[in-house]
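Student: I would like to learn how to read a structure model residue by residue. Could we go through it together?

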Amino acid sequence: MICPHCEKSLLRKERPGNVCGMCGRRYALDPKTNPLRLHDLRVRRIAAQLTQNGQLPCTPGQLWYALARKSLRETQVETGCGIVLGVFGAIAFFIAVGSDVMAFGVIGGLLLLAALGFVVARVMGVGRGRPRLTRAEFRTGPLEEWKSVYGSLPPGVIDDKHYPSPDAVPPHGGTDPAPATPSDGLVLVCPDRSVAVFLDAAGLTARHRLTLVADPAALPAAPGTGPVLVLHDADARGLLLARRVRTAQPGRRVVDVGLPLGAVHGLARAVPVRGEPPGPIVMARLRDSGEFHRDQLKWLAKGWGFPLVGVPPAKLLAVVSRAVERAGAAADTRRRAADVGFLTWPQEGG
């Protein structure tokens, strides 16, 4: 690997304990010792791409996906074991043929079958889409190692430990603010903390006086007049979030901002993540909606999905900004029309 400090090429023996043998300085990540094969220069390069060289913020969740994206395409079946089994199986088989010892033939056959199993598993893509390092593990592993060496997160990456609720007061002296209770303004429901923190840090909430809510249950029981925008992952549970909000707020305009499944399903550049399969109730609701065709439903039933953190930050901000602007403009039009009576019933005796 290349030392991130002196830029010298180092062999494994020349960098014991993550210390460069040339310049003597410590670095954070060694590709030989972490599941994503990360090193400091790659982390800096990807962070610079996500932030457009510091023009945008970026959160740990977004950085995790960008760094894990390549490994998500790969199967987790290692070919090395299959090759070893195949070699020993062939040797045992030829010994059996030459010596006429049946035991060697049986052992060789079993080893060859096991090797074939590895080949079949790799061809079928067993383990593909399963993160080699989860978001939580990335936060407590590589990011903590990075902070221990450099004293802060990678350049441009902001902390996303708490969901942004600037208008709320922390309950009972705690550190997490209580959820806001929006009524008449624009509301964005976004369960993903990393995405919510990114949108807030990018100025979206201040620019549009937007209230961010993590859970539809945080919306007041009495519906307000402002529209509610819903931002979600393109997975089985996320695709039902807008329906949940409409059920909870029957008198309020609800706009599904996405992520729409059709925008990512089957796209070569959109690398999905595979999690736990959804339950039968969730799948029944998706089928009953009539919004998804058979292939999409089969894909969702296996636990596949595309996370919001996988959308490049600049693109995500642009899409959400346009949706908020359209919703705000439509709300203003309705408000002005109501003021002059276009959307109200005439008064008695008028």
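Student: Is Arg 37 buried, partly exposed or exposed?

Tutor: Buried means under 20% relative accessible area, exposed over 50%, and partly exposed in between, with a 1.4 Å probe and protein chains only. Arg 37 counts as partly exposed because its relative accessibility is 44%. Arg 37 lies in the segment before H1, and has a positive phi of about 55 degrees although it is not a glycine. Helices here are DSSP runs of H or I with at least four residues, strands are runs of E with at least two, and both are numbered from the N terminus.

Student: What should I keep in mind about the source of these values?

Tutor: This is a predicted model, where local features need pLDDT of at least 70, side-chain atom pairs count only at pLDDT 80 or more, and totals for chains, interfaces and linings use all residues. Residues are numbered from 1 along each chain as its sequence is written, and side-chain values use heavy atoms, with hydrogens and water left out.

Student: What is the phi of Asn 53, and where does Asn 53 lie?

Tutor: Asn 53 has a positive phi of about 55 degrees and is not a glycine. Asn 53 sits in the loop between H1 and H2. With a relative accessible area of 68%, Asn 53 is exposed.

Student: Which residues does Asp 30 contact?

Tutor: Contact means heavy atoms within 4.5 Å. Leaving aside neighbours within four places in sequence, Asp 30 is in contact with Met 1, Arg 12, Arg 15, Asn 18 and Leu 38. Asp 30 lies in the segment before H1 and counts as buried, because its relative accessibility is 1%.

Student: How many residues does the largest nonpolar core have?

Tutor: A nonpolar core is a set of buried Ala, Val, Leu, Ile, Met, Phe, Trp, Tyr and Cys residues joined through side-chain atoms within 4.5 Å. The largest one has 66 residues, and those with the most contacts inside it are Leu 63, Leu 199, Leu 231 and Leu 286. Elements that each supply at least two residues of this core include helix H1 (40-50), helix H2 (60-73), strand S3 (228-231) and H12. The largest share, 7 residues, comes from H2. A second, separate core of 11 residues includes Val 187, Val 230, Val 245 and Val 254.

Student: What does Leu 317 touch?

Tutor: Not counting residues up to four places away in sequence, Leu 317 touches Leu 56, Phe 198, Leu 199 and Ala 202. Leu 317 and Leu 56 are 261 residues apart in sequence and 9.5 Å apart in space, C-alpha to C-alpha. Leu 317 is in helix H12 (residues 313-339), and counts as buried at 13% relative accessibility.

Student: How are H10 and H11 arranged?

Tutor: Two packed helices are described by the angle between their axes and the distance between the axes. Axes are lines fitted to C-alpha atoms, for helices over the stretch in contact, and angles run from 0 to 180 degrees between N-to-C directions. The axes of H10 and H11 come within 11 Å and cross at roughly 165 degrees. H10 and H11 are therefore roughly antiparallel to each other, a term for angles over 145 degrees. In the contact, Met 283, Leu 286 and Arg 287 of H10 meet Leu 297, Leu 300 and Ala 301 of H11.

Student: Which peptide bond is cis?

Tutor: The bond from Gly 258 to Leu 259 is cis, with omega near 25 degrees. Leu 259 is in the loop between strand S4 (254-258) and strand S5 (273-274).

How values were computed: Angles under 35 degrees count as roughly parallel, over 145 as roughly antiparallel, 65 to 115 as roughly perpendicular and the rest as oblique.
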